[in-house]
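Let's take a walk through this fold together.

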Amino acid sequence: MARSGSRWAYADVYSRLVHIYREGAVRMADLSAKRDVVRTAVAVGRLQTTAQVVSLVRADNLPKADVLSTARIAGIAGAKDASRLIPLCHWLPLAAVSVDFGFTDTDITIRTSVRNIGSTGVEMEALTAAAIAGMALHDMVKAVDPSATLDGVRVIEKDGREFG
């Protein structure tokens with residue numbers, strides 16, 4: 001890597017970075033030449049807590065409202081707001097968003113799935129849904145377990161198939 005002024009010059013890397021001009025300035029990627037295809041992405045995250053909290057959440061017996069429904073709504077809203085929250089993320093009409101939960105003795109797994117028909121993927125929307133749903137869960141359980149942690153938020157699957 002060569003240093004040019006106050007910006008790093010990356011040889012041919014710029015040709016692969018759709019969010020950066022050759023001079024180093026950021027931009028929104030131009031998708032106008034891309035075809036619309038069915039796109040899906042699945043993301044997960046994990047709330048680590050205590051067995052007591054997992055039991056209380058599963059039984060809907062926490063002091064706050066219906067924890068899983070609230071977290072599900074928060075995750076769906078997060079997917080819809082990804083472009084507002086993340087710089088350079090395109091606004092996308094979403095065809096479907098799902099937020100589901102799995103349980104072990106001390107973990108609540110958040111699994112989100114997002115689908116649309118468009119010219120760019122929905123990974124950011126799936127990630128945002130998982131993160132926001134997990135944050136809502138954390139907010140709802142923190143009075144019972146202030147040491148609960150949210151981690152492992154990542155995309156585990158993505159697909160873009162042609163249609164028509």
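Which residues have the most contacts inside the largest nonpolar core? Before the answer, a word on what is shown: this is a predicted model, in which local features need pLDDT of at least 70, side-chain atom pairs count only at pLDDT 80 or more, and totals for chains, interfaces and linings use all residues. Residues are numbered from 1 along each chain as its sequence is written, and side-chain values use heavy atoms, with hydrogens and water left out.

Now to the core. The residues with the most contacts inside it are Val57, Phe101, Ile108, Ile110, Leu137 and Val141, and the core has 29 residues. A nonpolar core here is a set of buried Ala, Val, Leu, Ile, Met, Phe, Trp, Tyr and Cys residues joined through side-chain atoms within 4.5 Å; buried means under 20% relative accessible area, exposed over 50%, and partly exposed in between (1.4 Å probe, protein chains only). Two or more residues each come from strand S3 (37-48), helix H1 (51-58), H2, S4, strand S5 (107-118) and helix H4 (123-141). H4 gives the most, with eight residues. In soluble globular proteins, nonpolar side chains tend to be buried together.

Setting aside neighbours within four places in sequence, Ile108 is in contact (heavy atoms within 4.5 Å) with residues including Leu47, Val54, Val57, Phe101 and Leu137.

Stepping back, the protein chain has four helices and six strands, where helices (H or I, at least four residues) and strands (E, at least two) are DSSP runs numbered from the N terminus. Their order from the N terminus is β-β-β-α-α-α-β-β-α-β. Of the 164 residues, 34% count as buried. Among contacts between residues at least 6 apart in sequence, 71% join residues at least 24 apart.

Next, the charged pairs. Six salt bridges are present in the structure, each a side-chain nitrogen of Lys or Arg within 4 Å of a carboxyl oxygen of Asp or Glu. One of them links Arg46 and Asp151, with the closest N and O atoms 3.1 Å apart. Because Arg46 lies in strand S3 and Asp151 in strand S6 (residues 149-161), this pair ties together parts 105 residues apart in sequence. Arg46 counts as partly exposed, at 32% relative accessibility, and Asp151 does so at 25%.

Lys158 pairs with Glu123 at 3.2 Å between the closest N and O atoms. Lys158 lies in strand S6 and Glu123 in helix H4, so this bridge joins parts 35 residues apart in sequence. Lys158 is exposed, with a relative accessible area of 58%, whereas Glu123 is partly exposed at 22%.

On the surface, Val26, Met28 and Leu88 form a nonpolar patch with about 260 Å² of accessible area together. Such patches are made of residues with over 30% relative accessible area and no salt bridge; like charges are joined within 9 Å, and nonpolar side chains (Val, Leu, Ile, Met, Phe, Trp, Tyr) within 5 Å. Accessible areas come from the Shrake-Rupley method with a 1.4 Å probe, and for residues only the protein chains shown count as cover. Leu88 sits in the loop between helix H3 (82-85) and strand S4 (96-103).

Finally, a note on confidence. The mean pLDDT (the predictor's confidence in each residue, from 0 to 100) is 87 for the protein chain, and 84% of its residues reach 70 or more. Over residues 1-14, however, the pLDDT is below 50. Where pLDDT is low, the predicted coordinates should not be read in detail.
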